[in-house]
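Good morning, colleagues. Please take a moment to look at the sequence and the model.

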Amino acid sequence: MEPISTNADKPRVTGRTRATVIALDRVILTFARRWLLFFNLFILLYVGLPFAAPLLMRAGFTTGAKLIYTVYGPLCHQLGYRSWFLFGEQTNYPRAEFEARTGINPDDLWGARAFVGDAVLGYKVAFCQRDVAIYGGILAAGLFYGLPFVRGRLKPLHWIGWLVLGIGPIALDGFSQLFSQYPYSSLPLFNLLPVRESTPLFRTLTGALFGLANAWLAYPYVEESMREVYVQLRDKLARVDAEPPAVGGGAPGGAR
């Protein structure tokens, strides 16, 4: 029978490798302690940057604006008649009005996507209305979850609640719109559906509910996991800090 290995049998990590491991542990410890702050800052940047595109367009920095539109292009359809506009006559241009004002057929998806606006209509946000609402909902949920009387006390949303609150409304609104229009409207069965175009209100409500439900489902689990990581690394680093100084480059009881 082979002898059972123990921690004492494992080679000790010393020198620069040990210092690197400890430094990484401290970074992870900080992240585990402040994960919600980092999450909220990331979501704020992610949903805020698309609004910089119309700001840059209005200021004349078209290269920077087009870079933002390009970066967010794979992440969103960016159709002009389903997006918000800044600095124009209106904040949005529904399907029929968009065609009348721009001359672009809404079924020309590439054309509607490529239109970023002008000085009269305003300039398009690089995220569609629904995506703005989704990530805005996640951000709002993250800020709410950070309140002292909520964090650590809120239980995860049950998966049935997640389906009813988060998935149901956005699926009903989105798919009823999608399958009733070109190119699906030219297919058998789908051509029986009445043509339907959602509204900015419905896109915002269903998107916000989806973002809220996802955060409510996930954040309590993330909090629990991060708390465990924090406690483990805090105790580990406390033991490291309590060790006597290294002699001759080594470290008694080095990190394993």
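This is a predicted model: local features need pLDDT of at least 70, side-chain atom pairs count only at pLDDT 80 or more; totals for chains, interfaces and linings use all residues.

Where does Leu-37 lie? Its place is in helix 1, which covers residues 15-59. Leu-37 also belongs to a nonpolar patch on the surface, together with Phe-31, Phe-38, Leu-41 and Leu-44. The accessible area of this patch is about 440 Å² in total.

Let us now turn to the chain as a whole. The protein chain contains seven helices and three strands, and their order along the sequence is α-α-β-α-α-β-β-α-α-α. Of its 256 residues, 33% are buried. The chain has an accessible surface of about 15,200 Å², and carbon and sulfur atoms contribute 68% of that area. Among contacts with a separation of 6 or more, 71% are between residues 24 or more positions apart.

Finally, I would draw your attention to a pair of helices. Helix 6, residues 159-178, and helix 7, residues 200-242, have axes that come within 8 Å and cross at roughly 145 degrees. This crossing of helix 6 and helix 7 is left-handed. On the side of helix 6, the residues making the contact include Trp-162, Leu-165 and Ile-170; on the side of helix 7, they include Phe-202, Phe-210 and Trp-216.

How values were computed:
Residues are numbered from 1 along each chain as its sequence is written. Side-chain values use heavy atoms; hydrogens and water are left out. Patches are made of residues with over 30% relative accessible area and no salt bridge: like charges are joined within 9 Å, nonpolar side chains (Val, Leu, Ile, Met, Phe, Trp, Tyr) within 5 Å. Accessible areas come from the Shrake-Rupley method with a 1.4 Å probe; for residues, only the protein chains shown count as cover. A salt bridge is a side-chain nitrogen of Lys or Arg within 4 Å of a carboxyl oxygen of Asp or Glu. Helices (H or I, at least four residues) and strands (E, at least two) are DSSP runs, numbered from the N terminus. Buried means under 20% relative accessible area, exposed over 50%, partly exposed in between (1.4 Å probe, protein chains only). Contact means heavy atoms within 4.5 Å. Axes are lines fitted to C-alpha atoms, for helices over the stretch in contact, and angles run from 0 to 180 degrees between N-to-C directions. A crossing is left-handed if the near helix is turned anticlockwise from the far one by less than a right angle, and right-handed if clockwise.
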